[in-house]
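Work through the exercises below with the structure open. Each task is followed by a stepwise solution.

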Amino acid sequence: MKRQKRQSNHRSYLALACLLWTALLLTVYALAATQCTSLIVNGKTIDDIAITGDNDGITSSSNSYKITARTKSSSNCGSTSYEQQKRTITFRNDYNGWIKITYTITGGTLSAGTYCTISDSEITLLKGGNFKIEVETPTQQPSGEETQTCEFKPSAIEFEKLTPLINFAAPDEHGTFTVKDATETSVSVPGSAESSSYTLTAVPTPNNQYTVFRWKFTSNSGTVSYFGIQENTTTYNAQEEGTITCEFMRKGSAMYSVDSVTYPYLDQAITAAGSNKKIIVIADGTVYGSSERTAFTIPSGVTLVVPYNAAFTDYTTLPGSTGRVAAAQNQSVYRKLTVPSGTTIDVKGAVSLPAQVSSNNSAYTGVLSGPHGQLIMESGSEMNLQNGAKLYCWGYITGKGIINALNGATVYEAFQISDYRGGSATSSLADAKKTFPFSQYYIQNIETTLVLNYGAVENAVCRLYSTSYTSANVTLPFVGKDSKAMFNLTETGSSFTKSYDPTNERATYVVSGNATLSSITINAGAEVNSADFNLPIMENATIHIASGTTTVNQSLCMIPGSELIVDNGAEIAISSGKSVFVYDRDEWVQSTAANRYIYSQVNFRPAYYSPSRSAKWTSAFKEANLVDVKVDVNGTINVSGDLYTTTSGANITSSKATGKVKLVAAPTASTTTYQYQQQNRAYANISATAAQLHNGDGSYTATAGASANTTYYYCTACKSSGVWETEHVEQKLYNVTISWPELAFTYTRSTSTTYTWDGEGKKYESGTSDSGSWTDNSKNIKVLNTSSAGDVNAQFNFTAQTDLHWTEAPSMAFTCGGATVTAPIPVPVTTDDEGTTVTATLSGTPAAGFTEGQIGTITVTITAAQGG
Amino acid sequence: MDKNNKAVLTYLRLRRGLEALLAVLVVVIILLLLRSCGGANRAVVLEPDYALIEVDENAVPMAEPEQEEAPLVKQGGGSVTISFQDDIAYSPSTGQVSLFYQNPRASTHNVVAQVILVRGQNEYLLAQSGILEPGYQVTALRAVDGAPTVSAGGYNGKLRLLFYDTQSGERAMVDTDIPCTVTVIP
């Protein structure tokens, strides 16, 4: 029993000893694998040279370093094969200075790495430099085990600490920096020093606006390298003689990449892009320029890309597609570029905000999917798309800046459909009922005001999938020149201004100058010519005819919530054979789901997503916003075709009481229009009559039965609340803008102490009763007369209540039409032309010792000149 | 009748006469005072230095382009755009004053509109709006209590516009008078 126990103990000790031995071997092996063997020169181990590589077969002794490569053998089914072996050892200088090694080598290959030069007998290593030795068995397939030994023999080694002469140059702009050498001694900037290392600390000016972009070293041979990227404090180990300076950048600046080189300023990136490269925004931020420039031009051939992924995938005339995938709430901003107020970007090349859209064969299709780029145009910023310029906006452009698309520019935006019925259903709708295949669509990737001037083009693009047709890419010419687009500008100087307010989700289209609204043909799973249908005007759309005549050559269906505004002097003409249906809420909003007109049995489907909304996927547009269509006519509606309102009457009114509705042809008394109920697979009959015009008291004036060439006027003289009448007393509308400057007086005492209004209230402190005089005692008041009431002029009479204690009679000097008239107040000024600006200057010296008061009320009397 | 009785009679007559004269004077003074008070009400037009007036109940949003925005002005300065018609109607039977006045979004200030009848140097307040914020218009006002009694016909009047800072409510240094015709309709 005892013997058995002893044997058991022996076995345990033996197992433990084996385990420890194995662990020791592994440790030694691991250490050897990383450390290899030290270099020993003249009996001294050189610790400043780090050696890495394959440890096996290395022996090291004083002035000798042997590396052996041995073919590797392996057995398979009784036969042995041999594999060629290569061994590489790397030597790196970790000394803060130079190392020079005198050597010989046999049997191997010596090659220089970075910061290293090798001659027949000497190796020179700069700090951090390295070289390597390679030993390899013969290249022929060895028939038996072979070895190749290399002996590297360092006979002498020299060290020289680095203290090259470094110049420190003051930065070109926006700050300086401080320098301390290796002994913590300060070095002047500009100045120079000889030290092995330096601590550099940037001092931006002003500190709250600028920060370090990078530190720049230029060797005396002209080689430029950068270090300490965006590090306010950094260290520099001197390697060679040269010059160091610091480059600053605006805090918050975006970063751009051109050919993988980073730039903090757009003008620098543009210069680097030459004439055919892409400028990729690689870090969120604001557009700034070097030397505080605020105007930039993107040349022809160059594209500024605000990317949506790390691969910088770009899309031009078509957005990317996820394929047939249902829309999901997965939208996010990947990269954000802000154009600040006062900045102008002229584009001769392209600006691209790539993104992907998801498409489905029903409901939401062509809507953004996943991440996107966002360009934020702050109020007061401007982008001008010149002739030939392209704007590919599959992401979003937001903010209150302005984009001007000039003649020859092209803009692309996503055409998002939110009630797509699918290709089969779409093709089955094409019949005499004139119900458009879908009525819920959005073109609002560009939320910022976009002015499309005559000659500019906007294309709205949708990528559709359907059951019958695998896919269809629909390009809708939304705005164009002369013809072929939905909105066509037809005269030089005309413009189409598109904007989107994310707060109330309203899209506004302002037409200035002559234009047409025409039919378009699109392929949405089936070819659809809008001329065969009543084109729906979306519930969140306001069409504003500001001037000129817009001719409607396409029948329209105005969905409740939509608006048509016709300014005084402007006209909208409904062509013969075309109809405009103005819906009352009562004929659109259905309480029973099956009776609703929008796909999936709803009364409307809002836009899917906007980065400007606080809740990106929750619409602010509610069913309550589906109010009676408002047609606000302050100019003229000229009806050669038909203007209908649905049974309950809608809201054709005139907010400025200057509207006219001219019936060129005798109106059709009543008709039936249709909407499609998807669930019932049936058309709903909707009764409509010749337009009922909405009076101020809520009643309606019917136009049914009127004879041709009848004109209805909105008259407030006939009835104070306003009524549509065929008899009319025309009233004139005046429009005047008066502006006046800030009230910031400065009072200078005789002791030369200056007191400035503190911005609180209207007190002008003199502090004491010392005498003195007011400075800045003139005020400019401008009056701009833009009255559109025919040729009527206005006369302005200024009266100032002089409750200020003047020492002399104050006077006013007027500038009107280039002539200056000085007169005591009051004085009349007549504007001869519409739009004349009158400038008045009030002059005078307040009494000494005046302590409190105001300049007095200036009354501008506006009088219509008679007989104008 | 003796001399004493005669003197007493003369005294009593004189006293009655003086009392009657005093009574007439009192009546005249009271009448003058009443007239003076009533007239003052009509001749003085309120122009508040700070607008504590509430937003006008008849103010409705204007239909105008979304991009229409007020210009940036320094503190103390301002810019107002005035859209108006100079024909105003007043119906004493309903108390409604019909006018057309807009304060577009391009304005930096709130507006209070007063409709005033002018007779010689006197001004008679007929109606006063509440606060009209930028972007709002008004087409009807209620006549003020104590409005002058008028008969059908045309009257000279003025539309006085007072401008108030939208934040502090402080009245601006500039106001505007617009001579207009007030038509009183039966």
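**Exercise 1. Find what share of the contacts in chain A between residues at least 6 apart in sequence join residues at least 24 apart. Then set out the chain's overall make-up.**

Step 1. Take the contacts of this predicted model. Among those in chain A between residues at least 6 apart in sequence, the share joining residues at least 24 apart is 67%.

Step 2. Count the secondary structure. Chain A has three helices and 82 strands.

Step 3. Turn to burial. Of the 868 residues in chain A, 50% are buried.

**Exercise 2. In what order do the 11 strands of the open sheet in chain A run, and which are the edge strands?**

Step 1. Trace the order. It reads S28-S32-S38-S41-S45-S49-S50-S55-S58-S61-S64 in chain A. The pairing is mixed.

Step 2. Identify the edges. Strand S28 (295-298) and strand S64 (651-653) of chain A each pair on one side only.

Step 3. Note the twist. From one strand to the next, it averages 10 degrees.

**Exercise 3. Describe the surroundings of S28(A): which strand does it pair with, and which helix lies across the two?**

Step 1. Find the partner. S28(A) pairs with strand S32 (residues 344-347) of chain A, in the parallel sense, over four bridges.

Step 2. Pick a residue pair. Opposite A:Phe296 stands A:Ile345 in S32(A).

Step 3. Place the helix. Helix H2 (residues 266-273) of chain A lies across S28 and S32 of chain A. H2 runs at about 25 degrees to S28(A).

**Exercise 4. Is strand S55 (residues 541-545) of chain A mostly covered or mostly open? Examine its faces and its neighbours.**

Step 1. Apply the cut-off: buried means under 20% relative accessible area. Five of the five residues of S55(A) are buried, so the strand is mostly covered.

Step 2. Separate the faces. In a regular strand, side chains alternate between the two faces of the sheet. On one side of S55(A) are A:Ala541, A:Ile543 and A:Ile545. On the other are A:Thr542 and A:His544. Both faces are covered.

Step 3. Check the pairing with S50. Strand S50 (residues 506-512) of chain A pairs with S55(A) in the parallel sense over five bridges. A:Tyr509 has A:Ile543 in S55(A) as its bridge partner.

Step 4. Check the pairing with S58. S55(A) and strand S58 (residues 563-566) of chain A also pair in the parallel sense, over four bridges. Here A:His544 has A:Ile565 in S58(A) as its bridge partner.

Methods
Residues are numbered from 1 along each chain as its sequence is written. Chains are lettered from A and ligands numbered from 1 in the order in which they are written. This is a predicted model: local features need pLDDT of at least 70, side-chain atom pairs count only at pLDDT 80 or more; totals for chains, interfaces and linings use all residues. Side-chain values use heavy atoms; hydrogens and water are left out. Buried means under 20% relative accessible area, exposed over 50%, partly exposed in between (1.4 Å probe, protein chains only). Two strands pair if DSSP finds at least two bridges between them. Axes are lines fitted to C-alpha atoms, for helices over the stretch in contact, and angles run from 0 to 180 degrees between N-to-C directions. Contact means heavy atoms within 4.5 Å.
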